[in-house]
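Please read the following note with the sequence and the three-dimensional model side by side. The points are numbered so that each can be checked in turn.

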Amino acid sequence: MAKNKDNKTNAMRILDAHGINYEAKFYECANFIDGVHTADTLGLPHELVYKTIVTVGHSRSYYVFVIPIEASIDFKKAARSVGEKSVELLPLKDVTSVTGYVRGGCTSIGMKKKYVTRIDASARNLEYMVVSGGKPGVQLKLSPEDLARAAEAEFADVV
């Protein structure tokens, strides 16, 4: 659990409330570039770092996908995993109003509303994974099962 109360994000508070162990990693982030840059800045293996993708379905419902930073979402697989005809990326201009988070700080934990969330199946066998902590400059290291519990997510093949 994070030690410094002043640096806690809403995602950390939710993890704390669930009694979930995690490690917060902080770094300077003047301008968010992408997850690969974040992993390199923190010296983390790319295969352990995951990004959060927000989509909108054919039904106009929102869906959240957590995928490896070097992977691309397979929109057909993603749509099937949530029972939609199709899904597409949420326009960047809408990310904050839909999720409550900004680009570079979007995490599946503690969005404005509960959205159906899928974590790529590749994470299932990892001892731990690293995801955004709720604002640029914060990453969270935790087990995939704990992320799934905190985000009320299921695992699915979506890349």
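Predicted model: local features only at pLDDT ≥ 70, side-chain atom pairs only at ≥ 80, totals over all residues.

**Note on the structure**

1. Threonine 38 is placed in helix H2, which covers residues 35-42. Helices (H or I, at least four residues) and strands (E, at least two) are DSSP runs, numbered from the N terminus. Threonine 38 counts as buried because its relative accessibility is 4%; buried means under 20% relative accessible area, exposed over 50%, and partly exposed in between (1.4 Å probe, protein chains only).

2. Residues are numbered from 1 along each chain as its sequence is written, and side-chain values use heavy atoms, with hydrogens and water left out.

3. Which residues does threonine 38 contact, leaving aside its neighbours within four places in sequence? They are Tyr27, Phe32 and Gln139, where contact means heavy atoms within 4.5 Å. With tyrosine 27 there is also a polar contact between the two side chains, at 3.3 Å. A polar contact is a pair of N or O atoms within 3.5 Å; within protein, one must be able to donate a hydrogen and the other to accept it, and residues adjacent in sequence count only if both atoms are side-chain atoms. Threonine 38 and leucine 15 are 23 residues apart along the chain, and their C-alpha atoms are separated by 22 Å.

4. Histidine 37 also lies in helix H2. Histidine 37 is partly exposed because its relative accessible area is 37%. Histidine 37 and isoleucine 69 are 32 residues apart in sequence, and the C-alpha to C-alpha distance between them is 9.7 Å.

5. The chain as a whole contains 5 helices and 8 strands. Read from the N terminus, their order is α-β-α-β-β-α-β-α-β-β-β-α-β. Of the contacts in the chain with a separation of 6 or more, 60% are between residues 24 or more positions apart.

6. The overall dimensions can be checked against a simple rule. For 159 residues, a compact globule would have a radius of gyration near 15 Å, and the chain, at 14 Å, agrees with this. The radius is taken over C-alpha atoms, and the globule rule is 2.2 Å times the number of residues to the power 0.38. Along the principal axes, the C-alpha atoms fill a box of roughly 45 × 35 × 30 Å. Of the 159 residues, 50% count as buried.

7. Isoleucine 73 is placed in the loop between S3 and helix H3 (75-81). Is isoleucine 73 buried or exposed? At 13% relative accessibility, isoleucine 73 counts as buried. Not counting residues up to four places away in sequence, isoleucine 73 touches Ile53, Thr55, Phe65, Ile67, Ala78 and Val158. Aspartate 157 is 84 residues from isoleucine 73 in sequence, but the two are 9.6 Å apart in space, C-alpha to C-alpha.

8. Why is H5 described as largely enclosed by the rest of the structure? The reason is that 6 of its 8 residues are buried. These are Pro144, Asp146, Leu147, Ala148, Ala150 and Ala151. The buried residues of H5 pack against several elements, including helix H1 (10-17), strand S5 (116-120) and strand S7 (138-142).

9. Just after H5, glutamate 152 takes a positive phi of about 50 degrees. Glutamate 152 is in the loop between helix H5 (144-151) and strand S8 (154-156), and at 56% relative accessibility it counts as exposed.

10. Arginine 60 also has a positive phi, near 75 degrees, in a residue other than glycine. Arginine 60 is in the loop between strand S2 (50-57) and strand S3 (62-68), and counts as exposed at 57% relative accessibility.

11. The chain has 21 positive and 19 negative side chains, and the centres of the two sets lie 6 Å apart. Lys and Arg count as positive and Asp and Glu as negative, whereas His and the chain ends are not counted. The place of a charge is taken as NZ of Lys, CZ of Arg, CG of Asp or CD of Glu.
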